[in-house]
Amino acid sequence: MKVPEQDALTANATWAQLEHLAEQEKSQHLADIFAMDPERYAGFSLESCGLLADFSKQRMTVAARDLLVELVDERDLGRWRDALFAGDKVNCTEQRSARHWLLRSPEAEAAEAHAQLDIMEKMVLRILHGQWRGVLGDVITDVVNVGVGGSELGPLMSAFALQSTSLEVGETRPRLHFASSMDGSQISKVLQDLNPRTTLVLVSSKSFATIDTLHNANTVRSWMARELGLDVGDEAMLRCHFIGISAEPHKLSDWGILPCNQLRLWDWVGGRYSLWSAIGMPIALTVGMACFREMLAGAHAMDTHFRNRPWIENMPVMMALVDVWNINFLDIRARAVLPYDGRLKHLPAYLEQLEMESNGKSVSRKGDPVDYHTCPVIWGEVGPNAQHAFFQLLHQGTQPVACEFLMTACRYTESAHSEAAAELEEQHALSNANCLAQSRLLAFGVTALDPSLALPSYQHYRGNQPSTTLVLDDLSPGSLGALLAMYEHKVFVQAVIWGINPFDQWGVEMGKVIASEMLSVLADPEGADGMDASSLALARHIAATRKA
């Protein structure tokens with residue numbers, strides 16, 4: 001099918017109606033909205049794929065919701081969704097499809113993806129069963145993932161979240177380490193604690209041209225060769241200690257990774273959407289291949305939900321509409337992601353990339369500047385820590401901030417916790433109680449408190465800070481897969497409404513080009529031409545300091 005054309009968003013009649021409605025409703029407090037509709041939870045919550053989403057504490061009335069649903073139809077989301085799943089070139093600036101959903105599809109059309117997963121599975125099983133040996137015959141005990149951006153954030157977040165998942169009998173998970181920082185401090189710290197004889201390195205880069213990744217990979221290769229007394233190009237060392245994951249196999253081969261140790265990506269998979277592929281090998285090494293496939297199945301279940309449910313019953317769509325309402329009509333331009341389960345501590349960083357790299361755009365698909373806000377600023381922290389860091393601003397600061405709370409209904413059911421289950425369950429209940437209490441106080445302010453309390457102004461809670469609460473039945477591979485796929489589709493829905501391309505990231509690219517130019521300036525500041533005074537002065541200061 002042909003990718004749909006879109007008219008200017010702000011010329012849309014429904015958009016104008018929403019602006020008018022927002023002006024009428026901006027003065028409404030959440031306490032008043034609940035007073036007028038005490039049962040609004042029933043109409044502002046959804047449940048699917050092991051997830052429950054409660055939107056009732058958002059400052060959205062039924063009238064606003066219904067108009068937003070009309071806007072979705074007028075922006076032709078149905079046809080855009082069909083185009084996405086048909087493999088059409090929805091990435092207009094690079095003339096590519098965006099088929100990350102295919103990586104988790106069980107259908108025959110995903111045969112190419114399944115073939116790579118089968119190859120990865122053989123590698124994973126050898127490692128987990130102690131059959132992958134180093135060049136001197138040692139069992140692999142540590143795996144270093146060298147990658148940046150989507151080659152780190154998704155695998156790191158998911159592997160950490162699922163590290164309590166039980167493996168099959170006879171399997172032992174290796175210790176995982178991640179290196180992404182280009183300055184050398186991170187890789188240096190990782191390597192000083194490792195034995196090269198028992199270390200396996202995953203070099204993950206879609207383009208295999210990312211300077212951060214290549215420098216870290218070169219450092220690891222040199223370290224290993226030096227410690228083992230081998231040449232950096234030693235074929236046996238490279239075969240036993242390096243696996244490469246990329247869309248550019250010839251670059252992997254040129255670097256030294258043997259074809260038998262190469263796993264494939266494709267240009268239709270964006271880096272931040274790639275954890276479902278061989279980029280997710282650290283996840284598979286954490287949970288085992290059976291559970292990794294459960295994660296893919298959970299994501300596919302959410303794909304099916306997104307494709308088949310009406311907009312008002314569609315979780316990614318409603319998540320997207322909440323953000324659009326807050327950003328474009330209530331002028332709330334920031335969102336805090338607050339997991340009340342420590343296993344999700346890396347989720348905020350993952351979502352920062354997924355959402356801000358995808359939808360941090362100011363130009364429409366047609367190349368015209370947009371005259372409305374797109375992606376919000378996103379940040380977050382594990383909820384209990386955040387309470388002691390920035391909740392002061394959320395409760396009593398001057399900035400409106402939308403919040404996203406995440407919690408798990410069940411935890412500490414694994415046999416590993418049996419002796420301490422009672423104490424740990426009590427802590428889990430305490431965490432969930434804090435989550436619910438914070439969302440309640442943010443929404444209702446002083447009206448949530450005992451009316452007999454006479455609080456001074458510095459203890460006043462204004463409330464009216466909107467929030468969504470997401471509850472996972474439990475944090476399993478399947479529910480995590482569904483959660484992440486839900487966020488992916490939410491990003492796509494927002495992009496369709498805003499008329500932007502969520503699958504490119506040109507804002508990231510030019511900085512890399514200028515960085516290459518700056519290397520020569522740092523080497524010889526006095527020979528630089530056309531440099532601004534600030535950058536040149538800083539380069540001179542660094543050069544002078546290094547010589548001192």
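Predicted model: local features only at pLDDT ≥ 70, side-chain atom pairs only at ≥ 80, totals over all residues.
**The chain as a whole**

The protein chain contains 21 helices and 11 strands. Its radius of gyration is 25 Å, close to the 24 Å that the globule rule gives for 548 residues, so the chain is as compact as a globular protein of that length. Along the principal axes, the C-alpha atoms fill a box of roughly 75 × 65 × 60 Å. Among contacts with a separation of 6 or more, 75% join residues 24 or more positions apart.

Of the 548 residues, 53% count as buried. The chain exposes about 23400 Å², and carbon and sulfur atoms supply 53% of that area.

**Nonpolar cores**

The largest nonpolar core has 114 residues, and the members that touch the most others are Met 120, Met 281, Trp 325 and Leu 480. Helix α19 (residues 477-498) gives the largest share of this core, 14 residues. A second, separate core has 23 residues, including Ala 179, Leu 194, Phe 208 and Trp 223.

Leaving aside residues up to four places away in sequence, Trp 325 touches Leu 18, Leu 21, Ala 22, Glu 25, Arg 59, Met 60, Ala 64, Leu 68 and Leu 330.

| Residue | Relative accessible area | Class |
|---|---|---|
| Arg 126 | 37% | partly exposed |
| Asn 464 | 14% | buried |

Arg 126 lies in helix α6 (residues 111-128). Because its relative accessibility is 37%, Arg 126 is classed as partly exposed. Apart from residues up to four places away in sequence, Arg 126 touches Gln 131 and Trp 132. Glu 171 is 45 residues from Arg 126 along the chain, and the C-alpha atoms of the two are separated by 9.4 Å.

Asn 464 sits in the loop between α18 (421-444) and β11 (467-472). Asn 464 counts as buried because its relative accessible area, 14%, falls under the 20% cut-off. With residues up to four places away in sequence again left out, Asn 464 touches Gln 28, His 29, Leu 30, Arg 59, Leu 442, Ala 443 and Phe 444.

Notes: Residues numbered from 1 in each chain as written. Heavy atoms only, no water. Helix = DSSP H or I, 4+ residues; strand = E, 2+ residues; numbered from the N terminus. Buried < 20%, exposed > 50% of the residue type's maximum accessible area, 1.4 Å probe, protein only. Contact = heavy atoms within 4.5 Å. Rg over C-alpha atoms; globule rule 2.2 N^0.38 Å. Areas by Shrake-Rupley, 256 points an atom, 1.4 Å probe, with all protein chains shown as cover. Core = buried A, V, L, I, M, F, W, Y, C linked by side-chain atoms within 4.5 Å.
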